[in-house]
Amino acid sequence: MRKTLTVIGTALSAVHGVAHASDNADKTNLAALAQHDSHYATTLAAPLNLNVRNMYASHSSHSSHASHASHASHSSGSGGTYRYTPAYTPQPVYSPPTAPARLLPSTDQLKLMIMRVQAALFARGYDPGAIDGEMSAKTKEAMELFQAAHGLPANAKMTTETLNALGVALTQQ
Amino acid sequence: MQPLEAKVQCEKWPAAPLLKVAGLAEFAAGAFPPERMLLDLRDAQVRAAGSAICRLPWAGFLTDVPEHAPPNRPWIAVPQGAFKVGIGDVVELRPHASKLALRYRRGSNNNILFTTERCNSYCLMCSQPPREVNDGWRVSQLCDLIALVDKDAPSLTITGGEPTLLGKDLRQIVVRCAEMLPHTHLHVLSNGRAFGDGVPAHTFEGLHPSLTWGIPLYGDHYGLHDYIVQSVGAFSQTIRGLYALEAAKQHIEIRVVLVKPVMERLIELARFIYRNLPFVEHVALMGTEPIGFARAHYDDLWMDPADMAPVLVKAVDFLSKRNVRVSLYNLPLCVLPEPLWAYSRKSISDWKRQYLPACEQCVVKERCGGFFSWTTDRWTSRAIEPVRGASCAKH
């Protein structure tokens, strides 16, 4: 009666990540464990971020974001206070249908997204330097290590594939 | 047994909030806003993550050491010996009473949405005796809880009381689940009487991608069923309700509690289900939970499961040969003949499951559902004994 869902999930990718970092004996143990766990585990039915526009993908460094500072005015947040806004903003109605407006995150949104990526890296045993929302050299290095270990292009960008592998969702409730 | 409510220390809480316990992964995943989450400072990774993360607008902090909570922010400290609160769980804090209650446990096999204490039946073996109280406030709280349940939770049980007494609000809860938890199977435990008495079953048609109604039927005859549920007319309402649910294309499970009077006509009941309710997808034959009204009616209800074996074998055989899926709940393996083991499920919720001293040497303990933690000697079968290796090898 219980509905079993299959597909890519954080549980699996977590096991994956650890397996890469350890030797062969551990790998076998982990595989056996994962197989055992699969009887009980529920993994997500689809990639975490399916059909969601990723406005963070082009941001590899926080400093480059400074050039978009004017976009902060588009944010629904007021001033410097932290506001929780959904990562995905629907396309504004006034934009011409032929050329959709490029969606850019607000400074707060970007900072929060970087913090979440840093937390995910840290939780998986990578060292992003600090969980502070700054795309530091150390964070980039940790991202590249993580990407390389998961067969992703090691470019330190928050691509949808990288976010999926990290278990970081683009949309929020 | 783990109590699900505990006295805690807490400070600076404004209202009675429902809170999701968060670690780093929950923050990273972003499925829930920090404002609804309780950051678990007891977690080594969270503590190692630095102070910037604490400055986010968390609802509050869970800690063993109140001094570790950031100044002027709400915190909760759960004392040793209280129930365990883990990352991913949802808790309800009543700050004025300093009480913390567990509302959702991540990874548990039986998370429930408790809809109401009211019921229109008064079953002899009811484990959750009904109370005539006005608890309509539960609906909005459940809708709030549903939003904080893990998106990959395999299943939730909607129970009570009698959930259909909520009227339209039950539909609202199901809709809310369909919106927030489309991958989570819903199991609604109802006596189905409302659907045989005017409530339109078709309002549930197509409402949820995966919903099963678990409906009890205790006899092939109204006299027996009405006696067990202590309500005149219940049998005909439930039967009409079953047909109404079938007409509304609902998935239906029949649940039979194996008390003495029911056992006496179990084979007839199996025939009745096969002939008259062929759309039923699953029949659960369940041992009695020795709590609530059941304890008061021991003499009328108790039958040693060891004495049930011949009838159980026949009934299970009858149904499974006719492709009706059948399962046995709440009966330890050692009281069942081995051919029935394949039908036995580990049905007792993890938080109320225990094993007896005899189970220590049993080779099939891992497969066995064990006992309700409130089982007493007189509710325990004389046939309890460790299953030895030889017996298992045959299987």
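A: A residue counts as buried if 20 or more other C-beta atoms lie within 10 Å of its own, and as exposed if 12 or fewer do; with that in hand, we can read this predicted model.

Q: Which residues does the face of α4(B) turned away from its buried side carry?

A: That face carries the exposed residues B:K168 and B:E179, while B:L170, B:I173, B:V174 and B:C177 of the helix are buried. Seen down the axis of α4(B), the buried residues fall within an arc of 95 degrees, so they line one face of the helix.

Q: What do the buried residues of α4(B) pack against?

A: Their partners in chain B are β9 (112-114), α3 (138-148), β10 (155-159), β11 (185-189) and β12 (211-216).

Q: At what angle do helices α5 and α6 of chain B pack?

A: An angle from 65 to 115 degrees counts as roughly perpendicular. Helix α5 (residues 222-229) and helix α6 (residues 234-247) of chain B pack at about 100 degrees, with their axes 8 Å apart, and therefore α5(B) is roughly perpendicular to α6(B). The contact is made by B:Y222, B:H225, B:D226 and B:V229 of α5(B), together with B:A234, B:F235 and B:S236 of α6(B); by class, it has four nonpolar, two polar and one charged residues.

Conventions:
Residues numbered from 1 in each chain as written. Chains lettered and ligands numbered in written order. Predicted model: local features only at pLDDT ≥ 70, side-chain atom pairs only at ≥ 80, totals over all residues. Helix = DSSP H or I, 4+ residues; strand = E, 2+ residues; numbered from the N terminus. Arc of directions from axis to C-beta. Contact = placed C-beta atoms within 7 Å. Axes fitted to C-alpha atoms, helices over the stretch in contact; angles between N-to-C directions. Parallel < 35°, antiparallel > 145°, perpendicular 65-115°, else oblique. Nonpolar A, V, L, I, M, F, W, Y, C, P; charged D, E, K, R; others polar.
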